Amino acid sequence: MQDLSLHILDIVENATEAGATLIEIYISEDKNKDLLQITIKDNGRGMDAAMVKGVKDPFMTTRTTRRVGMGIPLLEQAAKETGGNLQIISEAGKGTEVVATFQESHIDRKPVGDMGATLATLIMGNPDLDFRYYSNLEGEEIEVDTQYIRGELNDSISINDPAVINLIKDLFKKNTKS
Amino acid sequence: MAKLKIEDLKRIKESMKGTVNLRQGEYRVKITVHMGTCGIAAGARTIMSTLLGKIENSGANDIILTSSGCAGLCNHEPMITLEVKESAPVKYIKLDPEKAGRIFDEHALEGNPVADYALSVGSETTY
Ligand SMILES: Nc1ncnc2c1ncn2[C@@H]1O[C@H](COP(=O)(O)OP(=O)(O)OP(=O)(O)O)[C@@H](O)[C@H]1O
Ligand SMILES: [Mg+2]
């Protein structure tokens with residue numbers, strides 16, 4: 001994966017496959033501690049303790065199309081390459097929280113990338129799910145809340161209408177320093 | 001804090017007045033982009049953006065674009081499945097924006113599958 005926004009897209013796909021109806025994505029940095037942290041939280045089916053333990057192992061997958069799962073191991077690798085780590089907190093029947101921590105200034109830390117494109121893809125592909133996004137990077141805060149957007153649209157347009165998706169893309173284009 | 005403005009949402013609501021609200025299920029063409037780890041690493045998100053742009057530019061309101069998990073054919077990614085209602089779905093493999101654009105023009109808009117990029121015709125449904 002080229003950048004963190006692609007890893008995030010991939011980790012959120014796990015949550016959609018786990019039957020989540022609400023998925024939260026938070027990205028924040030702590031300049032004093034030189035940390036960048038990504039949290040992805042869902043209310044899907046969760047995992048039991050044995051599964052959480054095994055999930056960082058690429059040979060652990062519940063998919064039937066292939067015998068290895070790569071999504072989580074790849075994100076863990078990206079975090080570890082910067083001296084950071086990956087934490088998975090999950091409970092069967094409740095949901096899952098994946099927290100990746102990076103040393104922000106590390107030479108191998110991948111750029112955040114295009115979160116606008118990731119959110120656009122997620123909302124486009126999963127119009128029935130709710131997403132809550134908040135990031136605070138380089139002093140710029142961005143928030144996207146599909147429950148709020150849906151409420152404002154009031155059923156007159158679907159949330160996956162290209163006009164709405166483009167508003168979301170534009171929000172990121174205007175408010176991201178590159 | 002940057003977030004979507006109520007005025008912007010109102011504005012697009014206004015601009016949509018009188019047009020048909022496309023609901024899930026009432027479509028002529030459904031395009032599914034496969035979003036497993038391999039697909040994403042191979043460029044599936046760019047394919048999604050390309051197709052979104054094509055839908056917008058064509059003004060088509062009977063084509064839906066969605067995503068699904070891995071199709072289990074990692075070395076063929078990025079992949080899409082295109083389904084014209086009442087016809088067998090077609091899987092397209094090893095895509096790039098140019099190929100995806102051509103598939104959109106020829107298959108989604110004109111109804112002619114693009115054999116050059118297709119994996120197989122028939123046998124599978126999308127989900
Ligand atoms: N949010 C989640 N909720 C419930 N189960 C999860 C979640 N994330 C991962 N899992 C479980 O962990 C397994 C491994 O996930 P991982 O992303 O590493 O690989 P995968 O999704 O199986 O395959 P790939 O990502 O390579 O397409 C999944 O198959 C799933 O069973
Ligand atoms: Mg995965």
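The following questions and answers go through parts of a predicted model.

Visitor: Under what conditions are local features and side-chain atom pairs of this predicted model counted?
Guide: Residues are numbered from 1 along each chain as its sequence is written, and chains are lettered from A and ligands numbered from 1 in the order in which they are written. Side-chain values use heavy atoms, with hydrogens and water left out, totals for chains, interfaces and linings use all residues, and local features need pLDDT of at least 70, while side-chain atom pairs count only at pLDDT 80 or more.

Visitor: Which helix supplies the largest share of the lining of the largest cavity?
Guide: Lining residues have an atom within 4 Å of a point, and helices (H or I, at least four residues) and strands (E, at least two) are DSSP runs, numbered from the N terminus. Helices H4 (115–125) and H6 (162–175) of chain A and helix H3 (44–58) of chain B each give at least two lining residues. Among the lining residues are Thr121(A), Lys169(A) and Leu52(B). The largest share, four residues, comes from H4(A).

Visitor: Which strands stand at the edges of the six-stranded sheet of chain A?
Guide: The sheet is open and mixed, in the order E3-E4-E2-E1-E5-E6. Two strands pair if DSSP finds at least two bridges between them. Each edge strand has a single partner, so one side of each is left without a neighbour in the sheet. The edge strands are E3 (85–91) and E6 (140–145) of chain A.

Visitor: Which residue is the bridge partner of Gln37(A) in E4(A)?
Guide: Strands E2 (residues 35–42) and E4 (residues 95–103) of chain A pair in the antiparallel sense over eight bridges. In E4(A), Gln37(A) has as its bridge partner Thr101(A).

Visitor: Which residue takes a positive phi in the hairpin of E5(A) and E6(A)?
Guide: E5(A) and E6(A) run antiparallel and are joined by six bridges. Asn136(A) has Glu141(A) as its bridge partner in E6(A). The hairpin has two residues between the strands, and the residue with a positive phi, near 50 degrees, is Glu138(A).

Visitor: At about what angle to E6(A) does H6(A) run?
Guide: Angles run from 0 to 180 degrees between N-to-C directions, with axes fitted to C-alpha atoms, for helices over the stretch in contact. Helix H5 (residues 146–153) of chain A lies across E5 (130–137) and E6 of chain A at about 60 degrees to E6(A). H6(A) also lies across E5 and E6 of chain A, and its angle to E6(A) is about 175 degrees.

Visitor: Is Asn126(A) buried or exposed, and which residue of chain B is it in contact with?
Guide: Buried means under 20% relative accessible area, exposed over 50%, and partly exposed in between (1.4 Å probe, protein chains only). Asn126(A), in the loop between H4 and E5 of chain A, has a relative accessible area of 12% and is therefore buried. Contact means heavy atoms within 4.5 Å. Leaving aside neighbours within four places in sequence, Asn126(A) is in contact with Glu13(A), Thr16(A), Phe131(A) and, in chain B, Ser67(B).

Visitor: How many residues of strand E2 of chain B are buried?
Guide: On one side of E2(B), Ile63(B), Leu65(B) and Ser67(B) are buried, and on the other Ile64(B), Thr66(B) and Ser68(B). E2(B) also pairs in the parallel sense with strand E1 (residues 29–34) of chain B over six bridges. The count for E2(B) (residues 63–68) is six of six.

Visitor: Where is the cis peptide bond that ends at Pro78(B)?
Guide: Pro78(B) lies in the loop between E2 and strand E3 (80–84) of chain B. With omega near -5 degrees, the cis bond runs from Glu77(B) to Pro78(B).

Visitor: Is Glu86(B) buried or exposed?
Guide: Glu86(B) lies in the loop between E3 and strand E4 (90–92) of chain B. Its phi is positive, about 75 degrees, although Glu86(B) is not a glycine. With a relative accessible area of 82%, Glu86(B) is exposed.

Technical notes
1 Å grid on protein atoms, 1.4 Å probe; cavity = no way out; pocket = protein on both sides within 12 Å on 5 of 7 lines; lining within 4 Å.
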